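The following exercises concern the structure shown below.

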Amino acid sequence: MLAAVDPISLWQLLAATALVIAAGGVSIAMKLGLEKRLAIAAVRTTVQLLLLGYVLRWVFDLATPWAVGGVIAVMVVTASRAAVSRTAYHYHGVHITSLITMCLSSLVVATVVTQVIVQVQPWYSPQYVIPLLGMILGNTLSGISLCLDSLLESLRERRGEVEMMLSLGANRWEAARPFLRAAVRKGMIPIINSMMVVGLVSLPGMMTGQIIGGGDPHVAARYQIIVMFMIAAACALGCMIVANLSVRKLFNH
């Protein structure tokens, strides 16, 4: 019989800060200059997660489509902006491109998982919809960011090659195809690497949380398989969409 652990107390949270302090000590000792950024990141993590806990408690108590929809809208918009902020180069309308990509990739995959595979009832059940969408968005924005950054950097650095192909009669898809493929491939690398070592090197967060909470490890493993597959699908769809929309935007007639 699996025993459930007691809730984390405030003193336990304070004790956990010793781990971040130790990381800051390493930065100071090696003169990395990361201690200030690490402190800011630690404070933001604490504040954001505690606030999220209170918001989700309120949303779970309400359990209405409007409350869940509002949280989903904030999550999608924030993820789309975060994906663009991580790229070195931008173009006019890139934020709209990122938002469209997030909506099409993450919401479609989340709908398939919650309604077809897990069969959540009602469809807006916050206990399932919000955590699953959060995992999709968190991983998809990283893939989209890598894909977009690679595509824009390649087109910028090899602009002469692209223009030469266009002058020889190639259309925009033929000129951009090598860079588009490389960008999508780069965006997919993190999730593929994670899938290759999951269960051997890493134990994912969702599975870990269920086990710590007293859940059956075998059931937790099944849920984690679904999570990994949905993230892979969302990343592939997101990278493909953002790359194609960007090529359409960057080339004129």
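**Exercise 1.** What percentage of the 253 residues of the protein count as buried?

*Solution.* The structure is a predicted model, in which local features need pLDDT of at least 70 and side-chain atom pairs count only at pLDDT 80 or more, while totals for chains, interfaces and linings use all residues. Residues are numbered from 1 along each chain as its sequence is written, and side-chain values use heavy atoms, with hydrogens and water left out. Buried means under 20% relative accessible area, with a 1.4 Å probe and protein chains only. By this criterion, 31% of the 253 residues are buried.

**Exercise 2.** State the secondary structure of the protein and the box that its C-alpha atoms fill.

*Solution.* Helices are DSSP runs of H or I with at least four residues, strands are runs of E with at least two, and both are numbered from the N terminus. The protein has nine helices and zero strands. Along the principal axes, its C-alpha atoms fill a box of roughly 70 × 55 × 35 Å.

**Exercise 3.** Describe how helix α3 packs against helix α5.

*Solution.* Axes are lines fitted to C-alpha atoms, for helices over the stretch in contact, and angles run from 0 to 180 degrees between N-to-C directions. Helix α3 (residues 65-85) and helix α5 (residues 126-157) have axes 9 Å apart, at an angle of about 10°. Therefore α3 is roughly parallel to α5, a term for angles under 35 degrees. Contact means heavy atoms within 4.5 Å. Among the residues that make it are Val68, Ile72 and Met75 of α3, and Ile130, Leu133 and Leu137 of α5. The contact has 15 nonpolar, two polar and no charged residues. Here Ala, Val, Leu, Ile, Met, Phe, Trp, Tyr, Cys and Pro count as nonpolar, Asp, Glu, Lys and Arg as charged, and the others, Gly among them, as polar.

**Exercise 4.** Which residues of α2 and α5 make the contact between these helices?

*Solution.* The axes of α2 and α5 come within 10 Å and cross at roughly 140°. Leu56, Val59 and Phe60 of α2 meet Pro126, Gln127 and Ile130 of α5. By class, five of these residues are nonpolar, one is polar and none is charged.

Key. Parallel < 35°, antiparallel > 145°, perpendicular 65-115°, else oblique. Buried < 20%, exposed > 50% of the residue type's maximum accessible area, 1.4 Å probe, protein only.
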